[in-house]
Amino acid sequence: MKGKVYLVGAGPGDPELLTMRAHRILREADVVLHDELVSSEILGLARPSAHIQNVGKRCGRRATSQEEIHSRMAAFAGKGLTVVRLKGGDPLVFGRAGEEMEALRREGIEFEIVPGVTAALGAAALARISLTDRRLASKLVFLSNHRCAEKTSADWKHVISSDATVVIYMPGTDYDGLAARIRATGLDSETPCLLVSCATSSQQQIHQTTLEHLRKAPRFTSPVLLVIGAVAATASREKDEAALERAENGR
Ligand code: SAH
């Protein structure tokens, strides 16, 4: 009998942000194929006997090709094993889940999706910004700045506007180029921006700026998200006491 593949969201970092279902399935897994972003604390929740493989990419170079990931999922499930394909955040947000589900369907392998807290929501919670504060924003846009993305800034014109909160995943480090690309959509140079690094982990950092000054922003440790729009100016400057306490306790 064929096993089953679970495409599971590991959330933005803090293991407490895993869903109860993700936690249970992770404990039941025979095999865990995980992305680079998944922390060792979360992997530590799997059974000691579970076979754990990192299939993530490093420094932009894919350590394991997408085709190889598909064939490993199929091979393990073909042996009747329970496979967890563990991804940072939510598996359906910039996570190549579309291709993986297609491959699983092709192989006739049963699969299930377990949602996770996407990075934008972890970052918003850390900065205490309401992404859709109705006084400031009437739409919420998730974009990827990945260099492999086929879309260009011409496409961004249709979705970026002054009444939007725009969250850019994988912003890279060329902030000058990125700011120019965003300004080309017509956004004012004074538009508030917020860089959030390692949200919900003990290394989390925030930097508030504007589109004009984005190029001077610090290059934080990856993963980093960029939030653009009026709500970014409302980011909390208070210390996140709960996060500090967690960091002190070593988690
Ligand atoms: N599926 C994931 C996104 C994968 S793309 C999700 O739903 O969150 C990877 C990008 O997500 C990173 O380059 C970064 O932009 C963002 N990201 C993931 N975790 C993050 C975190 N803890 N803090 C800030 N950005 C994060």
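**Figure 1. D35, tucked into a loop.** At 18% relative accessibility D35 counts as buried, where buried means under 20% relative accessible area, exposed over 50% and partly exposed in between (1.4 Å probe, protein chains only). The loop that holds D35 runs between β2 (31–34) and α2 (40–43); helices (H or I, at least four residues) and strands (E, at least two) are DSSP runs, numbered from the N terminus. Leaving out residues up to four places away in sequence, D35 touches N54, V55, G56, R85, L86 and K87, with contact meaning heavy atoms within 4.5 Å. A word on the model behind every panel: it is predicted, so local features need pLDDT of at least 70 and side-chain atom pairs count only at pLDDT 80 or more, while totals for chains, interfaces and linings use all residues. Residues are numbered from 1 along each chain as its sequence is written, and side-chain values use heavy atoms, with hydrogens and water left out.

**Figure 2. The whole protein, before zooming in further.** The protein has eight helices and twelve strands. Of its 251 residues, 47% are buried. Take the contacts in the protein with a separation of 6 or more: 70% of them are between residues 24 or more positions apart. The protein exposes about 12900 Å², and carbon and sulfur atoms supply 50% of that; accessible areas come from the Shrake-Rupley method with a 1.4 Å probe, and for residues only the protein chains shown count as cover.

Figure 3. Helix α1 covers residues 20–28, and its buried residues are A22, I25 and L26. These three sit on the same side of α1, because they cover an arc of only 105° around the axis; the arc is that of the directions from the helix axis to the C-beta atoms. The buried residues of α1 pack against β1 (4–9), β2, α2, β6 (82–87) and β7 (110–114).

**Figure 4. Helix α7, seen through its buried residues.** In α7 (residues 175–183), the buried residues include Y175, L178, A179, R181 and I182. They lie on the same side of α7, because the arc they cover around the axis is only 160°.

**Figure 5. I228 in strand β12.** I228 lies in strand β12 and, at 1% relative accessibility, counts as buried. Setting aside neighbours within four places in sequence, I228 is in contact with A164, T165, V166, I168, I182, L187, T191, P192 and C193. One of these, I182, is also among the buried residues of α7.

Figure 6. A polar backbone atom of V93 is 2.7 Å from a nitrogen atom of the ligand, and a backbone N or O atom of M170 is 2.8 Å from a ligand oxygen atom. A polar backbone atom of C198 is 3.5 Å from a nitrogen atom of the ligand. Taken alone the ligand exposes 550 Å², of which the protein buries 91%.

Figure 7. Most residues other than glycine have a negative phi, and most peptide bonds are trans. M170 is not a glycine, yet has a positive phi of about 50°. The place of M170 is the loop between β9 (164–169) and α7, and at 32% relative accessibility M170 counts as partly exposed. C198, also not a glycine, has a positive phi of about 50°. C198 belongs to the loop between β10 and β11 and counts as buried at 8% relative accessibility. As for the peptide bond from S222 to P223, it is cis, with omega near 5°; P223 is in the loop between β11 and β12 (224–228).

Figure 8. Q204 is found in the loop between β10 (192–197) and β11 (205–210). With a relative accessible area of 17%, Q204 is buried. The Q204 side chain reaches the backbone nitrogen of T200 at 2.7 Å. A polar contact is a pair of N or O atoms within 3.5 Å; within protein, one must be able to donate a hydrogen and the other to accept it, and residues adjacent in sequence count only if both atoms are side-chain atoms.
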